[in-house]
2 protein chains.
Amino acid sequence: MEIDARKMKILQAIVRNYLETGEPVGSRTISKYTDLNLSSATIRNEMADLEELGYILQPHTSAGRIPSDKGYRLYVDTMMAEKEQEVNEMKELLLEKEEKMDAMLKRVAKILANDTNYAAMISAPAVQGNKVKFIQLSRVDKHQLIAVIMVEGNIIKNNIIHVNDYLDDETILKLNIMLNSSLGGLSISEINLAMIAQLKHQAGVHEDIISDVIDAVADAIKGNDEDLEIYTSGAKNIFRYPELADNQKASEIIDAFEEKQMLSSLVKETLTNSESRGIQVYIGEESPVSTIKDCSVVTATYELGEGMRGTIGIIGPKRMDYEKVVDSLKGLMHQLDNLYDKNE
Amino acid sequence: MEIDARKMKILQAIVRNYLETGEPVGSRTISKYTDLNLSSATIRNEMADLEELGYILQPHTSAGRIPSDKGYRLYVDTMMAEKEQEVNEMKELLLEKEEKMDAMLKRVAKILANDTNYAAMISAPAVQGNKVKFIQLSRVDKHQLIAVIMVEGNIIKNNIIHVNDYLDDETILKLNIMLNSSLGGLSISEINLAMIAQLKHQAGVHEDIISDVIDAVADAIKGNDEDLEIYTSGAKNIFRYPELADNQKASEIIDAFEEKQMLSSLVKETLTNSESRGIQVYIGEESPVSTIKDCSVVTATYELGEGMRGTIGIIGPKRMDYEKVVDSLKGLMHQLDNLYDKNE
DNA sequence: TGTTAGCACTCGGATTAAATGAGTGCTAAC
DNA sequence: GTTAGCACTCATTTAATCCGAGTGCTAACA
């Protein structure tokens, strides 16, 4: 058996209705809901077929039908296809340039959560492949140096380096010149072992320090994989949806939101999956994070200049308003792009 | 009517029993629970008195009694008095020196939450009154300077300063010397307007920059009041306690945990209240944060070297195991102190 | 005067039973 | 292929009932 146009229409009606109400939907409802002008009996026949095909299911005998993951998937896919061309004009979110990246990200998450009534997360742009803009080594006191490293996108890292021997001003100056001239403008992938060996050689007796500095640089450029910074907002929104609000489930979801590294697998998956910059939808079990398998996740990849990519995500019940969420995310992606242009 | 020794013992028994079970406790239970050897009838009489005094209350007629906020308060106060001298030996929490302050704090919160089965929060040490250890201005490119400020306790702040005119190396060097010699070793309270005016005067045409740097320094030393950094862990633990786990309450508590600035009033209150370094208990409505008025909060102030004080807190149901929590916090405070000594 | 046994009474929560009604599958007629 | 009709199912709602923990009060006791 194949799914035909009419079945598709009925499926869509079922999904839409279920998104609204959260209640299983019956044949009579659908027969009034659609413009098909079919009796409930006919709908019932079609629904039986749809069930056999696995797109919908019955929570129990004599209840209406709800969409299965597969049903949601089909719905989302066709909806996304329709949205493909559509240039989206959403209301301006008033994103202004803010000095601090983290404050901005927190704000974005908050706006998104408020706007959609779902939970929102955003990952700080990973600076993978980013280029070194500025390096400086300074002496704080006898045994402490501080390394300041700035990479493209004005992200700054500091590392404290402990040294045994006192370094005089001249040596430090030399090291600084050396570091900047050899590493400035390079990205992590361009800094290879040969170069490091060369640097160490040049540094002579100070090769330990160079090695520490290089580590710091590497750290700054690649951004530690594990502690991808993730900001969240609106976790409390899950309590709006009874199907997520029972203790067991809520507890798991809240935990995922608090121990943010659980979400990082989601971010990673999104970043690798997205060819350039797509919107992705994970429905229920499809999600890489097992503790939120009763939720759906809609993610978007944003790009702040070359190479600086991050992920925005909306997490809500499976019956989330995919259409609205996709719109919101698209609008936001757009704005983040603009923001970067203005920033430069 | 006054509360006498026997009433006190009965109140303690009621509180303890309620902490364990979470159920209202009746006279019969208490008559067996205590070593007073009194019949339930006698206990009933005493309980009627305790109720009249406001230490306990009945959720409804023909239910047992539960402690009122006032009852908890009395219980906690007497318990704390007993603990006053007691030097506490708790199991080592394996706190090791970690390079990054924030990672350490997150870990402490996590340990605490796991250890107690309540929710935990910790605020980063506020650097109030801290002294400037090192200031450096460097040129990143034509129009960008970066100011690196390190204060005691190795906390580093970076500020990017935009300038219109190009500053040559010599000027920057001069500014650096000037800044370090005039501000080094001073705390915010010691940097006054006269000094700033003097600095600006010295800087001549570059007074704008000085002004920016001073701002950055002020920022670094005092740490912005609003964004006290707060780390939390174990929010999901609230679901262990049915009296907190209903949608409405859980939602509010979770929100407070996510929008951490709500907790900052708690931190501030704690820091100002604590003469030197006490443990404080806020029961129910006593808490400065209204959204967690169904919880109790136990806070401790820790000190990492002079002037760097932060707050650790445990948030749980009113029937929390105050004794254990106070012990845990005391142990942790102790360890944080040690940590600092080792760090230096 | 303080303590205790006994008893009637209260009331929330659990248990059970019945009623309700939304929704289904199937059949037969159009 | 569509539809009306009907018997059947079953989660949910409502009402009725029971149960028992716990109380307050009184009278007797030490």
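The side chains of K318(B) and D69(B) meet in a salt bridge, with N and O 2.9 Å apart. A salt bridge here is a side-chain nitrogen of Lys or Arg within 4 Å of a carboxyl oxygen of Asp or Glu. K318(B) sits in the loop between strand 10 (309-317) and helix 11 (322-343) of chain B, and D69(B) in helix 4 (residues 69-83) of chain B, so the pair ties together parts that are 249 residues apart in sequence. Helices (H or I, at least four residues) and strands (E, at least two) are DSSP runs, numbered from the N terminus.

The model is predicted: local features need pLDDT of at least 70, side-chain atom pairs count only at pLDDT 80 or more, and totals for chains, interfaces and linings use all residues. Residues are numbered from 1 along each chain as its sequence is written, chains are lettered from A and ligands numbered from 1 in the order in which they are written, and side-chain values use heavy atoms, with hydrogens and water left out.

**Salt bridges**

K318(B) is partly exposed at 24% relative accessibility, and D69(B) is partly exposed as well, with a relative accessible area of 21%. Buried means under 20% relative accessible area, exposed over 50%, and partly exposed in between (1.4 Å probe, protein chains only).

A second pair in chain B is D169(B) with R139(B), whose side chains meet in a salt bridge of 2.8 Å, N to O. This pair links distant parts of the chain, 30 residues apart: D169(B) is in helix 6 (residues 169-183) and R139(B) in strand 4 (residues 132-141) of chain B. D169(B) is exposed, with a relative accessible area of 53%, while R139(B) is partly exposed at 22%.

R6(B) forms a salt bridge with E46(B), and their closest N and O atoms are 2.7 Å apart. R6(B) belongs to helix 1 (residues 5-21) of chain B and E46(B) to helix 3 of chain B, so this pair ties together parts that are 40 residues apart in sequence. R6(B) is partly exposed, with a relative accessible area of 33%, but E46(B) counts as buried at 6% relative accessibility.

| Salt bridge | N to O distance |
|---|---|
| K318(B) and D69(B) | 2.9 Å |
| D169(B) and R139(B) | 2.8 Å |
| R6(B) and E46(B) | 2.7 Å |

In chain A, R6(A), K7(A), E46(A) and D49(A) are linked in a network of salt bridges. Over all chains, a search of the whole structure finds 24 salt bridges. Side chains of opposite charge can pair when their charged atoms come close.

**Chain A as a whole**

Chain A has 11 helices and 10 strands. Of its 344 residues, 50% count as buried. The accessible surface of chain A comes to about 16200 Å², and 48% of that belongs to carbon and sulfur atoms. Accessible areas come from the Shrake-Rupley method with a 1.4 Å probe; for residues, only the protein chains shown count as cover. Among contacts in chain A between residues at least 6 apart in sequence, 61% join residues at least 24 apart. Contact means heavy atoms within 4.5 Å.

S40(A) lies in helix 3 (residues 40-53) of chain A. Leaving aside neighbours within four places in sequence, S40(A) is in contact with S27(A), R28(A) and S31(A). G26(A) is 14 residues from S40(A) along the chain, and the C-alpha atoms of the two are separated by 8.6 Å.

S40(B) is found in helix 3 (residues 40-53) of chain B, and it is buried, with a relative accessible area of 19%. Apart from neighbours within four places in sequence, S40(B) touches S27(B), R28(B) and S31(B) by the contact rule.

**Loop residues with positive phi**

N37(A) has a phi near 55°, a positive value in a residue other than glycine. The residue N37(A) is in the loop between helix 2 (27-33) and helix 3 of chain A, and it is exposed, with a relative accessible area of 71%. N117(A), also not a glycine, has a positive phi of about 65°. Its place is in the loop between helix 5 (101-116) and strand 3 (119-123) of chain A, where N117(A) is partly exposed at 28% relative accessible area.
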